[in-house]
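I opened the model to look at how its chains meet. Notes follow.

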Protein chains: 2
Amino acid sequence: LKNICQFSDQLPKWKDKKSTLLIFDQYLLKIPRIMKWITQFPNRYAVKSGEGLKEIGQLPNHVENLLKYISVTQKVLVMGGGSVGDFGGFVASILKRGIAVEQMPTTWLAALDSSHGGKTAMNVGGYKNQVGTYHFPTKVWIVKSVLQSQPEQRLFEASGEFMKTALIGGEKLLKAMQNWNWQKGQIRWSDLKDFIDVKYQIVKKDPFEKKGIRHQLNLGHTMGHVWEAHCQVPHGLAVFHGLLFDLAWSVQKKMMSAERSVDLMDEMPWSYIWDRQFQNQLDQTLYGLSESKIKSYLLKDKKNKDGMIQFTFVMRPGKVVIREVHIDEILREYRRQQRALQELYETL
Amino acid sequence: LKNICQFSDQLPKWKDKKSTLLIFDQYLLKIPRIMKWITQFPNRYAVKSGEGLKEIGQLPNHVENLLKYISVTQKVLVMGGGSVGDFGGFVASILKRGIAVEQMPTTWLAALDSSHGGKTAMNVGGYKNQVGTYHFPTKVWIVKSVLQSQPEQRLFEASGEFMKTALIGGEKLLKAMQNWNWQKGQIRWSDLKDFIDVKYQIVKKDPFEKKGIRHQLNLGHTMGHVWEAHCQVPHGLAVFHGLLFDLAWSVQKKMMSAERSVDLMDEMPWSYIWDRQFQNQLDQTLYGLSESKIKSYLLKDKKNKDGMIQFTFVMRPGKVVIREVHIDEILREYRRQQRALQELYETL
């Protein structure tokens, strides 16, 4: 696995237009400059982004449509955010037993995370990522002008994954995040490479998730996924609170000192992003779930074996550890944090 | 890629029944001994074999059903012929991004060919194998009592693949075939290992079909697939006539002498299998296709690039060669054989 990222300021000149099938988020047609670039591809397929695109019930229809293009093209270029990337990567991996795929992420979240990892995914009856393949892109195009044209709330939605990457990568990345323009939804461009590199280094060592190394990237995701599924919050926000959950538990388990955790909280950019009232409501939602809902979701976790889950804790920025915990332990910690939060709100 | 074949006379004792999901051809329930073995698995999923099973339109429904079992099992055992193996292998390859799969072929065709190669496949709108993955089985169970219980016409349907394997493997295998009991649909058990080994040796060298080596196994399949698609003949029979096509062309191209080809024909077991009247009708069908039908099918060939196709010729048993030919050359050869056949029938 090589670093196959191609950074550029503008949309690249494309040589083999005829032999490329472009699968793209139809929303991009609203941006004239990008629309012009897209329409130069004679073989293109517009999709509506979102989790609905990933529903397997729609797959037969998409596959039938896409096959018409595949006989005249040699590779697929996928242009969009996470859902389009997951979908495009999956269909590329199964059409004719696998066609080369290149990714051009259009959201911060996809540019940082999902476009590189080779994990493709589809949903089944509303359950996320139950079906998928490993199909590594042969190239990932990181285009400044495309990424900067996304709505500002996209950075807010990616905040969880950036924070996760910084916690895994270390202090330098945490500090970098403080200088970004969160209100305008823009990051400092030169930082992006450092963040992506953290992900690459981990994926490279364990591309097929066989060695437990790649599991580090699951930081914030165990409870994050539960909340995403049951509380209608975007992925990045769910992961952000998943990180807070993991940090609090790491302190409780004495893997991290309470002081360090408080320092970390202070360094986080979240206070710039949303207001207290919003946070109050969100906390009520996140910590108002029934235990049976949490439990049934965790039992569906791909990594669950006999109720045991590999859980990622933080010792300090740059040092995360994986411990096997029982689902009941997660529930106990959830209750503990629920009480602590209640007490906190009562003292405010 | 190791030889992961496990030969046995009887159905094996199964240790991890609870953690295995058995996907099986429902037809097997009609054989009491096999039914008894199947029903010991608490997690089992019956399917109706045939190309309909492989239609992608049914996939969402199957996936939704199968997911219920997957959370409590660790691997999939697929028991059936080619279509069940293709289907079972495909779903195992995409559920939770890939679950270990073991195959237990129940037809000669699957035991010889499809169960080992790691190629999974689904059909799209009646077009065969348009979608699929590479997902190698961790074990292939070759069980004598299971294979011997299949109806005798299954050997007839596998004859093409056996003949192909013998042409690739060499004289020894061709001779072996003459001693089988074609009427009763039984082969000499000790020969099966030799035939399977020919396939393994080739797959091992080129598992993902990147080096052109595995393409040898396509002998008889270029026209075979056309006939299978347009003439409603079973795969083995279509491939058998595809081999005759390839042999005749090899002679025409002076890669093989006419004498050797006549000797080969005489050695073939086909005269035991069907009668002249049947063959006469079949020839009319196979050589009565319109050129546009053949051309449009060949253009859909996965291996087609700008109208060029890698075609497998035979120099002698044990020695096949691959040459790039244009689709128009295949059509020309089809017309030539059409005329030759017509002349032959006129002289009879």
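Where in chain A is the place of A:Glu209? I found A:Glu209 in the loop between α8 (189–205) and α9 (221–231) of chain A. Helices here are DSSP runs of H or I with at least four residues, strands are E runs of at least two, and both are numbered from the N terminus.

Ground rules first. This is a predicted model, where local features need pLDDT of at least 70, side-chain atom pairs count only at pLDDT 80 or more, and totals for chains, interfaces and linings use all residues. Residues are numbered from 1 along each chain as its sequence is written, chains are lettered from A in the order in which they are written, and side-chain values use heavy atoms, with hydrogens and water left out.

**Phi angles.** Most residues other than glycine have a negative phi. I noted a positive phi near 55° at A:Glu209. A:Glu209 counts as partly exposed because its relative accessibility is 25%; buried means under 20%, exposed over 50%, and partly exposed in between (1.4 Å probe, protein chains only). B:Gln232 also has a positive phi, about 50°. B:Gln232 is in the loop between α9 (221–231) and α10 (235–252) of chain B. At 70% relative accessibility, B:Gln232 counts as exposed.

The same surface serves both copies, as 100% of the contact residues of chain B recur in chain A.

**Interface.** I listed 29 residues of chain B in contact with 29 residues of chain A (heavy atoms within 4.5 Å). The buried area is about 2500 Å², and carbon and sulfur atoms give 62% of it. This is accessible area (1.4 Å probe) lost on putting the two parts together, summed over both. B:Lys96, B:Arg97 and B:Gln130 supply 30% of what chain B buries against chain A, more than any other three residues.

I looked for salt bridges across the interface and the rule finds zero (side-chain nitrogen of Lys or Arg within 4 Å of a carboxyl oxygen of Asp or Glu). Which element of chain B gives the largest share of the side that touches chain A? It is α2(B), with five residues.

**One helix residue.** B:Asn65 lies in helix α2 of chain B. B:Asn65 counts as partly exposed, at 24% relative accessibility.
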